[in-house]
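My entries follow in the order I made them.

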Amino acid sequence: TSTKDVSKEVTNLLGPSKENKEVDEITENVEKESAPIDEAIVEISPPHVAVSSAPTAAGSKRASKRPFQCPVCQGFFRSEMVLQQHLAKIHFWNRLLALPKEASTGSGPVFQCSEFPCRYIHKSQTIVAGHLATEHKVVFKIALNIFPDFKLPILPLPPL
């Protein structure tokens, strides 16, 4: 499955939105700038060299407009939801696909959400994987397991 296929499947699941369009633009940029990646290489290991999270003079302006940083590729995003979609589509899709539990029913196999006590089921494994990514924010749990120092920024409340 290519990145574009995954992007289309998740966009079909989530529906068109401004943030999904931003994610599609990011996906296109990543595809243009990246060499083809072997499908078997999916997991990204944490970097062995510590990366400073302190913004530089040039980086502080970008960090203020895009405060959500990807722990895998160090990209910056405008919202938690866009980072969540990026992690799901670009870095953790195969892990998400492995999470739904298959069950047999009288009308054929279905897939169940693996998060307790959720009882969400669907005949499509892809749909349940997208549900896990969006409804339970599993991608942040995966990121935290791989990158123990990963944290989402705490943003100040807007003025009243």
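I checked the length of helix 4 first. Its 12 residues should span 16 Å at 1.5 Å a residue, and the end C-alpha atoms are 15 Å apart, which agrees. The expected span is 1.5 Å times one less than the number of residues. Helices here are DSSP runs of H or I with at least four residues, strands are runs of E with at least two, and both are numbered from the N terminus.

A note on the source: this is a predicted model, where local features need pLDDT of at least 70, side-chain atom pairs count only at pLDDT 80 or more, and totals for chains, interfaces and linings use all residues. Residues are numbered from 1 along each chain as its sequence is written, and side-chain values use heavy atoms, with hydrogens and water left out.

Is helix 4 mostly covered or mostly open? I find it mostly covered, with 9 of its 12 residues buried. Buried means under 20% relative accessible area, exposed means over 50%, and partly exposed is in between (1.4 Å probe, protein chains only). Among the buried residues are V82, L83, L87 and A88.

Next I looked at S79, in the loop between strand 2 (76–77) and helix 4 (80–91). S79 has a relative accessible area of 17%, so I log it as buried. A polar atom of its side chain lies 3.2 Å from the backbone nitrogen of V82.

**Salt bridges**

How many salt bridges does the structure hold? I count 2. The criterion is a side-chain nitrogen of Lys or Arg within 4 Å of a carboxyl oxygen of Asp or Glu.

One joins the side chains of K137 and E80 at 2.7 Å, N to O. This pair links distant parts of the chain: K137 is in the loop between helix 6 (125–135) and helix 7, E80 is in helix 4, and they are 57 residues apart. K137 is partly exposed at 36% relative accessibility. E80 is partly exposed as well, at 24%.

E115 and K141 also meet through their side chains, at 2.8 Å, N to O. E115 lies in the loop between strand 4 and strand 5 and K141 in helix 7, so this pair ties together parts 26 residues apart in sequence. E115 has 23% relative accessibility and counts as partly exposed. K141 is partly exposed at 42%.

**Aromatic pair**

I found 1 aromatic pair. F140 and F150 are stacked, 6.2 Å centre to centre with 20 degrees between the planes. Rings of Phe, Tyr and Trp (its six-membered ring) pair if their centres lie within 6.5 Å; under 30 degrees is stacked, over 60 edge-to-face, the rest tilted. F140 lies in helix 7 (residues 138–146) and F150 in the segment after helix 7, so the pair ties together parts 10 residues apart in sequence.

**Cysteines**

How many disulfides are there? My search of the whole structure gives 0. The cut-off is a pair of cysteine sulfur atoms within 2.5 Å. For C73, the nearest cysteine sulfur is that of C70, 3.7 Å away. For C113, the nearest is that of C118, at 3.8 Å. C113 is buried at 6% relative accessibility, while C73 is partly exposed at 41%.

Technical notes
A polar contact is a pair of N or O atoms within 3.5 Å; within protein, one must be able to donate a hydrogen and the other to accept it, and residues adjacent in sequence count only if both atoms are side-chain atoms.
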